[in-house]
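Here is a friendly note to read alongside the model. Please keep the sequence and the 3D view open as you go through the points.

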Amino acid sequence: MGSSERLRSSLMVYRNLLKEVEKHIGKEEHKVHFTDFIREEFRKKSNLECPKDPSFIQRRINLAQNYAYLLNSVHHHKDLLFSYNIAVDRSDEMTKVLGKSAASVGLRLPDVYQS
């Protein structure tokens, strides 16, 4: 694998990992340290921080791919648990589904006031 192919591959992994973290963990201010850590790890330049050994770099890229896959799989699993109604509170999920259903025909759910 040439250096340009490796660079392109690592860029794709970087983008995918950031997308998955923002999608599944969130972009809120108190969660920004996740994306900051990823950006720092991918931008390391010095020999002490990131050796020039291609196998080391490939292992780091594989680790990033696996983490993105893990995030996606965990949230897919959670969605499956919600859909099968396995010992989880579905009230928030049902509110979203009902809201989407009502919006699809041009209606809006009334606000429910809690006392």
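1. Let us begin with a term: a residue is buried when its relative accessible area is under 20%, exposed when it is over 50%, and partly exposed in between, using a 1.4 Å probe and protein chains only. Ile 25 is buried, since its relative accessible area is 18%. Across the protein, buried residues make up 16% of the 115 residues.

2. A word on where this comes from. This is a predicted model, in which local features need pLDDT of at least 70 and side-chain atom pairs count only at pLDDT 80 or more, while totals for chains, interfaces and linings use all residues. Residues are numbered from 1 along each chain as its sequence is written, and side-chain values use heavy atoms, with hydrogens and water left out.

3. Now the overall plan. The protein has four helices and zero strands, and along the sequence the pattern reads α-α-α-α. Helices (H or I, at least four residues) and strands (E, at least two) are DSSP runs, numbered from the N terminus.

4. How do α1 and α2 pack? Helix α1 covers residues 3–24 and helix α2 covers residues 32–43; their axes are 10 Å apart, at an angle of about 170°. That makes α1 roughly antiparallel to α2. Axes are lines fitted to C-alpha atoms, for helices over the stretch in contact, and angles run from 0 to 180 degrees between N-to-C directions. Angles under 35 degrees count as roughly parallel, over 145 as roughly antiparallel, 65 to 115 as roughly perpendicular and the rest as oblique.

5. Look next at where these two helices meet. Contact means heavy atoms within 4.5 Å. On the α1 side, the residues include Val 13, Tyr 14 and Leu 17; on the α2 side, they include Phe 34, Ile 38 and Arg 39. The residues of this contact divide into eight nonpolar, two polar and three charged. Here Ala, Val, Leu, Ile, Met, Phe, Trp, Tyr, Cys and Pro count as nonpolar, Asp, Glu, Lys and Arg as charged, and the others, Gly among them, as polar.

6. Which residues make up the largest nonpolar core? This core has eleven residues in all, among them Val 13, Ile 25, Ile 38, Ile 61 and Leu 71. A nonpolar core is a set of buried Ala, Val, Leu, Ile, Met, Phe, Trp, Tyr and Cys residues joined through side-chain atoms within 4.5 Å. The elements giving two or more residues to this core are α1 and α3 (54–84), and the largest share, five residues, comes from α1. Not counting residues up to four places away in sequence, Ile 38 touches Tyr 14, Leu 17, Leu 18 and Val 21.

7. Ile 25 lies in the loop between α1 and α2. Its C-alpha is 8.5 Å from that of Leu 71, although the two are 46 residues apart in sequence. Leaving out residues up to four places away in sequence, Ile 25 touches Glu 20, Lys 31, Phe 34, Tyr 67 and Leu 71.

8. Tyr 67 lies in helix α3 and, at 33% relative accessibility, counts as partly exposed. By contrast, the buried residues of α3 are Ile 61, Ala 64, Ala 68, Leu 71 and Phe 82. What covers those buried residues includes α1, α2 and α4 (91–104).

9. Just after α3, Asn 85 takes a positive phi of about 55°. Just after α4, Gly 106 takes a positive phi of about 85°.
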